[in-house]
Amino acid sequence: MFRVDPRSGVPIYLQVIEQVKRAIALGTLAPGEQLPTVKSLALGLTVNPNTIARAYRDLEREHVIETSPGRGSFVPAGNAQTDSRRAAHDAAEKELADALRAARSFGLDRRTVTALIERALDHWFPHDEQERA
Amino acid sequence: MTALSIKHLTKRYGSFTAVDDLSVDVEPASVCGLLGPNGSGKSTTFKCLLGLARATSGSVTIEGAPLQPGTFDYLAYVPEKSALYEWMTVEQHLEMARRAYRKYDAARARELLATFKLPPKKLVRRLSKGQHTALALVLAFAIRPRVLVLDEPASGLDPIFQRTVLDLIIDAAAGGAGVLFSSHQIGQVERAADRIAVLREGKLVLAGDIDTLKGDEKIVIAAFDALVPEMPELAHDPNVRRIERGGRIVRLYTDGESERIAGRVAALQPRSLDVVDLTLEDIFLGAVGEDGAAPPIGVES
């Protein structure tokens, strides 16, 4: 279910955190569903167990997952809809931030970037979604 | 209790200092990758650890106690060149280990033998280099050690069995073992280890948690329209390791707070600005003073 790139400069635990959030946002991990144990995910990805444990601890602190001793880690069943919307929101926010960082590093100014965003919005959100909301 | 503790270890051969005041701790359920160029003191460190060489000064403790015969009930060591008997078969080695080690687990040994596809009846003399390594690993893991010391544990193995070795290390750590292993392949360390210790000419030049190092060590790269302006405050910033300037381009190597430093550079109004992640290989090469070519501007690693 998850994939990490250990060679990347991005810490592995951050990659795991992002993938879990993405899986929840996409619904691949459903509310109430159990996550793999630290050991099985470590062996599955061939990654140090402490690295996985660190990712799970951070996810717990952010209330993205819940862990109960002896039972393992779960996607909270609670307010499922809000949770998966929030996960989707977080994942999208991160991707947008990465894209904007790239735009800044290309030396584009704010006005140019705003125009680019407008154009992308017209493409992907052709109908004014605000009216429906 | 710390699984393995090296304190101020120094080893001199005549006037040559092979290991110079080295201190490294390996905690239980943790894997420390020992990295360093050839001749940086890794194997000498292992020899001193295992009592195969006498330290000039400093100390080594395993689970809080100095090395003693009983230590080898729960400590396993795989040397770089395996110490096997050429005239004995694979299964004779297992039998010898069964008699020698109180904690020897015969079922586990058979399982490992099958994993590495080792022929039990074959003479060690007829084994390939990879099979030598595999047999040494089978013997080491068959005692279900709490402390593991592995010198280049995947040398001579094909990529599939290299992965098997990493899985064994990960499995041992998940079960609570403390592992110290050396490797020339940073990719292996990057997967199996959570910490690294980097040696250069016998000295510890870098140690820490791999993900924390990756998170902290970045290069802030800025290109200006004209010559790079002076940045005296950044030169003395505690998180700026060094600054490389060349014409219109400046690179700042940071060991933390890269976003804050990027913000300071942005205030100088560069034409472009980027924060590039460093890979463990970059960090390693930087620590041993063998920086490769700096990444081109704007390229995400």
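Mentor: Let's start with helix 1 of chain A, which passes helix 3 of chain A in a right-handed crossing. Keep in mind that this is a predicted model, where local features need pLDDT of at least 70, side-chain atom pairs count only at pLDDT 80 or more, and totals for chains, interfaces and linings use all residues. Residues are numbered from 1 along each chain as its sequence is written, chains are lettered from A and ligands numbered from 1 in the order in which they are written, and side-chain values use heavy atoms, with hydrogens and water left out.

Trainee: Why are helix 1 of chain A and helix 3 of chain A called oblique to each other?

Mentor: Their axes cross at roughly 50 degrees and come within 8 Å. Angles under 35 degrees count as roughly parallel, over 145 as roughly antiparallel, 65 to 115 as roughly perpendicular and the rest as oblique. Helix 1 of chain A and helix 3 of chain A are therefore oblique.

Trainee: Which residues of helix 1 of chain A and helix 3 of chain A make the contact?

Mentor: With contact meaning heavy atoms within 4.5 Å, helix 1 of chain A brings residues including A:Ile12, A:Val16 and A:Lys21. Among those from helix 3 of chain A are A:Ile52, A:Arg54 and A:Asp58. By class, this contact has eight nonpolar, one polar and three charged residues.

Trainee: And what makes helix 2 of chain A and helix 3 of chain A oblique?

Mentor: Helix 2 (residues 38–45) and helix 3 (residues 49–61) of chain A pack at about 125 degrees, with axes 8 Å apart. By the ranges above, helix 2 of chain A and helix 3 of chain A are therefore oblique. The crossing of these two helices is right-handed.

Trainee: How do the residues of the contact of helix 2 of chain A with helix 3 of chain A divide by class?

Mentor: They divide into eight nonpolar, no polar and no charged.

Trainee: What about the largest pocket, which residues lie nearest its centre?

Mentor: A:Val10, A:Leu14, A:Glu18, A:Lys94 and A:Asp98, out of 27 lining residues. By class, the lining has seven nonpolar, six polar and 14 charged residues.

Conventions
Axes fitted to C-alpha atoms, helices over the stretch in contact; angles between N-to-C directions. Helix = DSSP H or I, 4+ residues; strand = E, 2+ residues; numbered from the N terminus. Left-handed = near helix turned anticlockwise from the far one by under 90°. Nonpolar A, V, L, I, M, F, W, Y, C, P; charged D, E, K, R; others polar. 1 Å grid on protein atoms, 1.4 Å probe; cavity = no way out; pocket = protein on both sides within 12 Å on 5 of 7 lines; lining within 4 Å.
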